[in-house]
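Work through the exercises below with the sequence and the model side by side, and try each task before reading its solution.

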Amino acid sequence: GSCSCWHGVTSVVMGNCGFALAPCKPDAREWFAQCLEAVEDIPTEAMVAGIDWNWETFPEYLANVEALPKGLNYGSYIGHSALRMYVMGERALTEEATDDDLAQMAAAVQEALRAGAMGFSSSRANTHIRPDGGPVASRIANWQEIAHLVDAMAELNAGIFQVGPDVSGGAAQRAFMQELRTIAINSGRPVMLGTLSTAQGDKPNPWEYQLEWMDEIVSAGARVFGQSTTRSINAIFSL
């Protein structure tokens, strides 16, 4: 349980898979914390009590981080679920975005990049669910919305697109990878995703398939990077 920096870690990048604490309106803080608790098992009470939540926008959040003492280099993505909830409110959990919603979200992504965000993150992972059992906000979005927000980064020629992949296996996971292929090639932005082998579904998607997929995309001119672990992923679930 000793600090990561004692093990040689010098840098962290936060806000992966669309989960973040900014942008967030003051009256939605507990709601944001509850959604994060459902995914990461961090108690809402601990976040509400322990976070000096003195920001609303993403640039204000980064300014807050900048002002705090740190022992590590720190970077952050602007998260899709947080952004959707900020712009759309409770509609983010049930509805597709309107043209006005898309315009506001794209402007916020560009505002975040100009302030120093590493990029934009999202999730399509079926394991990412809300406290009520429904999908997190980013999973409600269609692929046109995701492409629109990645294109907003492309307009500034800045930012990485990080995405939590569909891990259901079979046809659904392969459909996810084809959609991601289109975005990576069309936008030209670097794409980060977890390369997870899975035997679920009607047709397993082994790691070899994913590396071949990346090679094919790179040969088409895109920049795609797979992230993996050197040990098995084990989880301890609380009651």
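**Exercise 1.** How many residues does helix α9 have, and what distance does helix α9 reach from its first C-alpha to its last?

Solution. Before starting, note that this is a predicted model, in which local features need pLDDT of at least 70, side-chain atom pairs count only at pLDDT 80 or more, and totals for chains, interfaces and linings use all residues. Residues are numbered from 1 along each chain as its sequence is written, and side-chain values use heavy atoms, with hydrogens and water left out.

Step one is to find the helix, where helices are DSSP runs of H or I with at least four residues, strands are runs of E with at least two, and both are numbered from the N terminus. Helix α9 covers residues 207-219, which makes 13 residues. Step two is the span: α9 reaches 18 Å, close to the 18 Å expected at 1.5 Å a residue (the expected span is 1.5 Å times one less than the number of residues).

**Exercise 2.** Determine which residues of α9 are buried and where they lie around the helix.

Solution. Buried means under 20% relative accessible area, exposed over 50%, and partly exposed in between, with a 1.4 Å probe and protein chains only. By this rule Tyr209, Gln210, Trp213, Met214 and Ile217 are buried in α9. Seen down the axis of α9, these residues fall within an arc of 135 degrees, so they line one face of the helix (the arc is that of the directions from the helix axis to the C-beta atoms). The face turned away from the buried side carries the exposed residues Glu212, Asp215 and Ser219. The cover over the buried residues of α9 includes α8 (170-187), β5 (191-194) and β6 (224-227), where contact means heavy atoms within 4.5 Å. After α9 comes Gly221, with a positive phi near 105 degrees.

**Exercise 3.** Describe the backbone at Cys17 and at Asn157, and state for each whether the residue is buried or exposed.

Solution. Start with Cys17, in the loop between β1 and α1, which has a positive phi of about 60 degrees although it is not a glycine. Cys17 is buried, with a relative accessible area of 18%. Asn157 is exposed, with a relative accessible area of 60%.

**Exercise 4.** Which two residues does a cis peptide bond join, and what is omega there?

Solution. The bond joins Ala22 and Pro23, and omega is about 0 degrees. Pro23 lies in the loop between β1 and α1.
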